[in-house]
Amino acid sequence: MRNIRLIARLDIKGPNLIKGIHLEGLRIIGSPNEHALRYYNEGIDEIIYMDSVASLYGRNSLDDIVKSAAKDIFVPMTVGGGIRSLDDVSNTLRCGADKVAVNSEAVKNPELIRDIATRFGSQCMVLSVEAKNISPDHWEVYIDNGRERTHLDVIEWVQRAEDLGAGEILLTSIDQEGTRRGFDIPLVEAVTKIVSVPVIASGGMGSSSDLAKVVIEGKADAVAMADILHYERETVNNLRKYALSEGIEVRDI
Amino acid sequence: MNKLDVVVIDYGIGNLLSVQRGLEYCGADVTVTDDKDIIMNATRVVLPGVGAFSDGMKGLNKTGLNHVVCDYAASGKPLLGICLGMQMLLNESEEFGFNQGLGLIPGKVTAIPSLNIENKNHKIPHIGWNSLKLPEGREQWDGTLLNNVIPGESVYFVHSFMAEVSSSEHQIANCLYGGIKISAVIGSGNIIGCQFHPEKSGDVGLKILKHFINL
């Protein structure tokens, strides 16, 4: 039995909710917490906040947004972007986050994964992977919100990160992100096949059928959505009903 | 102290703001503290927790809060352990080696089996929404923490280890993960623990917190 989670992903720049294409060309959408609250009221299972410029400009804290969200939103919140140390994690959790998502610093210093997992539990340590397809069935890890290549192979990296204690993988396809062309199914499938921790597929959700495809074919454990919710092309409730009608086990409210 | 006062124990670990906000949202007046006197004088206490068992117990032990929690529990006033806070109520845990717990409810903490009931690998940690079930031999939740919950309602879990109580009378609710029974709520008199996060379980979770602050 798998309980598939529907997750709203909110990319943040400064005080704004933004959305890009291939993690670039960011457009301002509006207030992060107005959107988050709407998704919560519609029955979203989790919320991910990603600070899109934190790695580039240093830690541009999401603290205030998360603190404010924690007043009215009672589903799990993952916060990522610019997490560099155990102190950063501790502070983020104290603002009301439940998990942290780490990408750039984990690549630069993989031991941070082990340190976070040991100190806060592996369920708290989400490895964020930004993957770019380089040849059939090969993807490269990017950092700094898709700006910087690393020459790391995604499949090797997720295995190593799992060994180090990553409890979950947020897998973003740079190629599909913001395109509405559907998820990178081969990527998701390749990662879910190799790791035993849950995988959140992110990047490319254009319509409800993409959700079914990434869960059934890609074997994703959770699906992150942004654009489709931000532009009100779908509601959480409709997606949930659709998933249930397709035989996908989601939370039945 | 009035009826809706809740003290949340701060032992230097995890996600205290969410628990506090959840309780406040339900109308509680919340004090987050590590002060022994305030804890002992509380009308109800929450022992929260996110993270590793050994770190949690170290956090309690180094300041003597382990004794405070046990003394408070002996007073008969309501004590709610959440997630790691629930697991620490038991005698011991096998997480990262042997670790002694508070021993307030007989039982131990073990790893969730990596094979499901069909002997296939399944995902660990157990992350996500799962529905609350009545254990065998229990017919209803009246008078328990889940007084207002309907069997089948879903709450949010995130954990790699699970509580195994020694006696079925302490088993209040289960959930099924890969066909394996996992303790969702355990209790012994005034001492209650829930594995899931009520403060992260939307309306169902808030209903549970609301019931707790009115116990």
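**Exercise 1.** Which residue in β10(B) does K108(B) stand opposite?

*Solution.* The model is predicted, so local features require pLDDT of at least 70 and side-chain atom pairs pLDDT 80 or more, while totals for chains, interfaces and linings use all residues. Residues are numbered from 1 along each chain as its sequence is written, with chains lettered from A and ligands numbered from 1 in the order in which they are written. Begin with strand β7 (residues 107–111) of chain B, which is joined to β10(B) by five bridges in antiparallel fashion. Strands are DSSP runs of E, at least two residues, and helices are runs of H or I, at least four residues, numbered from the N terminus; two strands pair if DSSP finds at least two bridges between them. The residue opposite K108(B) is E164(B).

**Exercise 2.** State the strand order of the open four-stranded sheet in chain B, and identify its edges.

*Solution.* The order is β6-β5-β7-β10, with mixed pairing. The edge strands, each pairing on one side only, are β6 (99–100) and β10 (161–165) of chain B.

**Exercise 3.** Determine how many residues of each chain are in contact between A and B.

*Solution.* Contact requires C-beta atoms, placed from the backbone, within 7 Å. By this criterion, 29 residues of chain A meet 32 residues of chain B. On chain A, α3 (63–72), α4 (86–94) and α6 (111–120) each supply at least two residues.

**Exercise 4.** Locate I134(A) and list its contacts beyond four places in sequence.

*Solution.* I134(A) lies in strand β7 (residues 125–135) of chain A. The residues it touches are W139(A) and E140(A).

Key:
Two residues are in contact if their C-beta atoms, placed from the backbone, lie within 7 Å.
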